[in-house]
Amino acid sequence: MHSVRLVPLQESHIPALVHLEILCFSEPWSEASLRRELENPLAHVYVAQVDGEVAGYAGMHGVAGECYVNNVAVFPKFRRQGIGRQLMERLVTAGEELNAQFITLEVRASNREAMDLYYSLGFEVMGVRRDFYIMPTEDAVIMTKYLSKENGGQES
């Protein structure tokens with residue numbers, strides 16, 4: 001097993017992430033969109049590297065005590081090695097560092113593997129967005145993790 005290094009998004013990562021977006025998503029982010037994240041003070045984007053090679057990435061926006069995950073993606077050859085988990089754990093830590101109340105995301109209803117990961121990290125299903133995704137049309141499951149009981153309203 002190779003060592004995984006998580007680093008903040010850098011300009012040099014953009015070409016690999018453009019390729020990853022095309023591999024993973026029916027509506028991939030463009031190169032310009034990824035580049036804008038470099039300058040966006042609300043963006044928290046981390047890249048997983050294995051032996052210097054981009055293995056995956058995860059990003060979110062944090063604003064007003066709330067964090068919204070944009071994308072999590074891992075290249076096929078690096079899947080099933082815990083990289084997605086490490087990236088999500090880093091986003092959760094970033095949310096905690098921001099003193100956010102919660103972190104939330106949408107996931108395709110058919111993506112059971114991702115949903116299982118999110119459940120294992122303490123995310124809960126909060127709702128469904130009907131026909132949210134296209135190519136193919138599919139519902140999105142909204143999953144949220146409250147980062148503190150004081151802020152998240154989880155206590156009665």
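The backbone oxygen of L121 lies 2.8 Å from a polar atom of the K145 side chain. This report describes a predicted model, beginning with the surroundings of that lysine.

K145 belongs to strand β7, which covers residues 138–146. Although K145 is buried, it has no salt bridge. The nearest side chain of opposite charge is that of E96, 6.0 Å away; K145 and E96 are therefore not paired, because a salt bridge requires the nitrogen and the carboxyl oxygen to be within 4 Å. Leaving aside residues up to four places away in sequence, K145 touches V92, Q101, F102, I103, L121, G122 and F123.

Elsewhere, charged side chains do pair: the structure holds 8 salt bridges. Three of them are listed here.

| Salt bridge | N to O distance |
|---|---|
| R35 and E11 | 1.8 Å |
| R90 and E97 | 3.7 Å |
| D139 and R130 | 2.6 Å |

Salt bridges with shared partners also join E11, E31 and R35 into one network. The side chains of R35 and E11 meet in a salt bridge. This pair connects distant parts of the chain, with R35 in helix α2 and E11 in the loop between β1 (4–8) and α1, 24 residues apart. R35 counts as partly exposed because its relative accessibility is 28%, and E11, at 43%, is likewise partly exposed. In the pair of R90 and E97, R90 is partly exposed at 23% relative accessibility, whereas E97 is exposed at 53%. R130, the partner of D139, is exposed at 62% relative accessibility.

At least two lining residues come from each of α2 (31–39), β3 (53–63) and β4 (66–74), with β3 giving the largest share, 3 residues.

The largest pocket has a volume of about 1,100 Å³. Of the 36 residues that line this pocket, F25, V72, N111, A114 and Y118 are the closest to its centre. The elements that each supply at least two lining residues are α1 (14–24), β4, α3 (83–97), β5 (102–108), α4 (112–120) and β6 (124–133). Strand β4 gives the most to the pocket lining, with 7 residues.

Technical notes:
Residues numbered from 1 in each chain as written. Predicted model: local features only at pLDDT ≥ 70, side-chain atom pairs only at ≥ 80, totals over all residues. Heavy atoms only, no water. Helix = DSSP H or I, 4+ residues; strand = E, 2+ residues; numbered from the N terminus. Buried < 20%, exposed > 50% of the residue type's maximum accessible area, 1.4 Å probe, protein only. Lys, Arg positive; Asp, Glu negative; His and termini not counted. Polar contact = N/O pair within 3.5 Å; in protein donor to acceptor, adjacent residues only side chain to side chain. Contact = heavy atoms within 4.5 Å. 1 Å grid on protein atoms, 1.4 Å probe; cavity = no way out; pocket = protein on both sides within 12 Å on 5 of 7 lines; lining within 4 Å. Points joined across faces, edges and corners; volume = space filled by probe spheres on them.
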